[in-house]
Amino acid sequence: MAAEDQIPRAQANPEKTKKRKKPKKDKWGQPISAAADEPAVEQVQEQEAPEEPVAAAAAEVGEGAESYERGKVVASGMPYTTTEEEIRELFDQFGPIRSLQLSRFPDSGNFRGLAFVTFESDEVAVKSLELDGYKIGNRFMRVERCRITASSKRQKKTEFESDPEKPDGCLSAYVGNLSWNITEKDLRDFFKSSRIASIRFAIDKRTGDSRGFCHVDFEDDESLEKAVGMNQSELRGRPVKIAYAIINRA
């Protein structure tokens with residue numbers, strides 16, 4: 001026993017007793033190399049790279065800006081009694097107006113509370129949007145940019161959306177927004193400075209009542225021009241629409 005105690009025990013090798021680190025493995029069980037951290041930089045770079053969608057979005061914004069008609073706004077929700085002069089005076093405060101188109105009911109020619117205002121510049125049109133929500137009469141007007149639609153690209157025009165051009169040989173005028181009890185005498189007195197050949201009232205076949213408009217035939221071109229120049233003049237408390245009559249050719 002004593003001899004055995006005198007035999008020195010072998011000292012353990014610290015290198016052998018040191019625990020070896022287990023290699024890291026990915027989720028597939030494959031060892032991860034020491035350079036495995038490098039691709040992380042590449043991943044970051046790949047995440048920062050996609051800037052094309054931003055550019056595409058900017059392009060879409062640019063395209064959206066072109067979806068409005070330049071310098072043009074549409075005003076809606078106005079009282080039917082609003083006159084062209086009142087609308088022009090309201091929008092003229094923002095800048096010069098190139099054109100003003102009042103939308104009217106095709107059967108009567110009465111103003112339907114909708115107007116298209118075109119300014120000399122797009123900047124003035126944007127300023128006029130301040131009138132959105134403006135109270136006119138007992139109604140609140142809505143003003144917004146006029147969008148380009150398929151029909152506007154084809155320049156499709158409905159009757160009385162804009163004044164028709166004078167047809168060749170035309171001696172007749174459309175007179176709309178008339179009072180329901182207007183008489184032929186009232187119209188002859190109204191156009192007293194012109195030579196009238198005949199007056200043709202539009203009558204509802206079902207009720208026999210006036211439809212609120214008529215056609216006036218004049219004896220000469222000078223009389224017709226005088227009458228058209230009276231457009232929006234007041235007759236019995238109503239602004240009368242006067243325009244060249246459209247000739248229907250067979």
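1. In what order do the four strands of the open sheet with β8 and β12 stand, and is their pairing parallel or antiparallel? In this predicted model, the order is β8-β9-β7-β12, and the pairing is antiparallel. From one strand to the next, the twist averages 25°.

2. Look inside that sheet. Strands β7 (residues 172-176) and β9 (residues 210-218) run antiparallel and are joined by four bridges. Ala 173 stands opposite Val 216 of β9. Helix α9 (residues 221-228) lies across β7, β9 and β12. Its direction is about 140° to β12.

3. Another open sheet of four strands has the order β2-β3-β1-β6, again with antiparallel pairing. β2 (97-104) and β6 (142-147) each have a single partner strand, so one side of each lacks a neighbour in the sheet. Neighbouring strands here are turned by 25° against each other on average, direction ignored.

4. Strand β1 (residues 68-76) pairs with β6 over five bridges, in the antiparallel sense. Val 74 has Glu 144 in β6 as its bridge partner. Helix α5 (residues 84-91) lies across β1, β2, β3 (111-119) and β6. This helix runs at about 140° to β2.

5. Now the second largest pocket. It holds about 160 Å³ of space. Its lining comprises Tyr 80, Thr 81, Thr 83, Phe 105, Asn 110, Phe 111, Asn 177, Glu 234, Gly 237, Arg 238 and Pro 239. By class, four of the lining residues are nonpolar, five polar and two charged.

Note on methods
Residues numbered from 1 in each chain as written. Predicted model: local features only at pLDDT ≥ 70, side-chain atom pairs only at ≥ 80, totals over all residues. Heavy atoms only, no water. Pairing = 2+ DSSP bridges. Helix = DSSP H or I, 4+ residues; strand = E, 2+ residues; numbered from the N terminus. Axes fitted to C-alpha atoms, helices over the stretch in contact; angles between N-to-C directions. Contact = heavy atoms within 4.5 Å. 1 Å grid on protein atoms, 1.4 Å probe; cavity = no way out; pocket = protein on both sides within 12 Å on 5 of 7 lines; lining within 4 Å. Points joined across faces, edges and corners; volume = space filled by probe spheres on them. Nonpolar A, V, L, I, M, F, W, Y, C, P; charged D, E, K, R; others polar.
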